[in-house]
Amino acid sequence: MSQSASNHESRTSLADYRTALTTRAARRPAVASVLARLPIAMIGISALLYVQRETGSFAVAGLVSAGSLVGVSVGAVVQGRLIDRFGPTRPLLTFALLSALSMAALVTAIESHAATAVMVTLGAVTGLSEPMVGSASRALWGRLLPPGGARNAAFSYEAISMEVFFILGPGVAGLLVMAPWAGTGLVLGVALQFTGAVLFALSPAVRAWGPSAGSQGSLLGALASPGMRTLALAALGFGVVIGFVEVAVPAAATEAGQASVGGLLLSAWSLSSVAFGVAYSLRPWPRQLGLRLPVLLGGFGALVALLAWPSSLWGLALMMLLAGALITPQSTAHSAAIEVVAPAGTAAEAFGWVLTAVTLGLAAGQSVSGYVVEHAGPGAAFLAASVAGLLLALGVWLLRGTVRTPQSAPAPALVNA
């Protein structure tokens, strides 16, 4: 195993978290990034519940949500490549403005009960224009911190903080959809995202980030690395499983006559994800990333099958807590793997490909889950999610040997912290 791979498979200490989060140059972009990423889960769930409430159909809501996710999957790669080539400030400011305008158009379409095709198309446009602060934030740590424990802790922080947002987002969305106007959560989320993206883009450390060496290489960009393609498959499986569950859980709550509880139930598995994620980052297993990716995905798929067992919402909440334990470990493993397999100068694009794979998986999972829920019930959707996760984990296991450091140019110089 290469020295680089070994570094990224080492343990992380609590002191490393303190070092990363107290780095002076990181303070302003870190705070702005929190504001921009906080509503990510809230926007998606708010849109899903908003459309379902206006149309009365989970199938239509799932298609609109899937369209948005497909847009995100394309936008993540496009913006990642632009960020690597020109730096983050101009791309993020441009897409933040486009996102606000396209979301206004989507809300108008939902309110006017436009055709499903129109809402799906506008959903895709809003996803395409969503400012990718997460990609830039994750790549920024590689410029602020040298390889080692502190950088690994920063990547773990990114994954753990996202799970905190996924705890808050669905619960807030579930409550706001019951407001006098069901679109309240969607508009509030977009306003927070726009503000955070602008503040992040204008922070000194981000404005000092110029073009990355190697960012104008292969047409395939980060995907020129076989290991990146394997990582993308693992991320796809992760998204597929979550996509199934994100539709099946609100459907189970609606079936039980407690529709407003659906968002809170989705928050339940993020609770265990955060708690277990911190512990896992201190002692990750398996140690080799090539094995870690399929093992975590396969375990996640197996645990999701347990969601089909309970006959009450309380039982479902308990199973969600159990299944959620492997969410953050997968996100952390994906970030660590980028450091090992992505060619130099493609950090933002590489994270964009991971996000693309996850969102395509979410889109596929949500759209299929909506159909399964309406024809066979939530329990069948949970079982389908499990089977899909296990099959994709098998594919990742067969490709595990590709997760190794590619030949590449030297990494960019660190920003003065």
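In the predicted model shown here, helix α4 passes helix α5 in a right-handed crossing, where right-handed means that the near helix is turned clockwise from the far one by less than a right angle, and left-handed that it is turned anticlockwise. Helices are DSSP runs (H or I, at least four residues) numbered from the N terminus. The axes of α4 (residues 40–55) and α5 (residues 58–86) come within 8 Å and cross at roughly 145 degrees. On the α4 side, Leu48, Val51, Gln52 and Thr55 take part, and among the residues they meet in α5 are Phe58, Val60 and Ala61, contact being heavy atoms within 4.5 Å.

Residues are numbered from 1 along each chain as its sequence is written. Because this is a predicted model, local features need pLDDT of at least 70 and side-chain atom pairs count only at pLDDT 80 or more, while totals for chains, interfaces and linings use all residues, and side-chain values use heavy atoms, with hydrogens and water left out.

A second pair of helices is α8 (residues 133–144) and α17 (residues 347–376), which pack at an angle of about 135 degrees with their axes 8 Å apart. The crossing of α8 and α17 is right-handed. Gly134, Ser135, Arg138 and Ala139 of α8 make this contact with α17 residues including Phe351 and Leu355.

Arg138 and Phe351 are also touched by serine 335, as is Phe155, when residues up to four places away in sequence are not counted. Serine 335 lies in helix α16 (residues 327–341) and, at 4% relative accessibility, counts as buried (under 20% relative accessible area; exposed is over 50%, and partly exposed is in between, with a 1.4 Å probe and protein chains only).

Side chains of opposite charge can pair when their charged atoms come close. The structure holds 4 salt bridges, each being a side-chain nitrogen of Lys or Arg within 4 Å of a carboxyl oxygen of Asp or Glu; the table gives some of them.

| Arginine | Glutamate | N to O distance |
|---|---|---|
| arginine 37 | glutamate 158 | 3.2 Å |
| arginine 81 | glutamate 349 | 2.7 Å |
| arginine 138 | glutamate 339 | 3.2 Å |

Arginine 138 is buried, with a relative accessible area of 1%, and salt bridges that share partners join Arg138, Arg151 and Glu339 into one network.

Conventions: Axes fitted to C-alpha atoms, helices over the stretch in contact; angles between N-to-C directions. Helix = DSSP H or I, 4+ residues; strand = E, 2+ residues; numbered from the N terminus.
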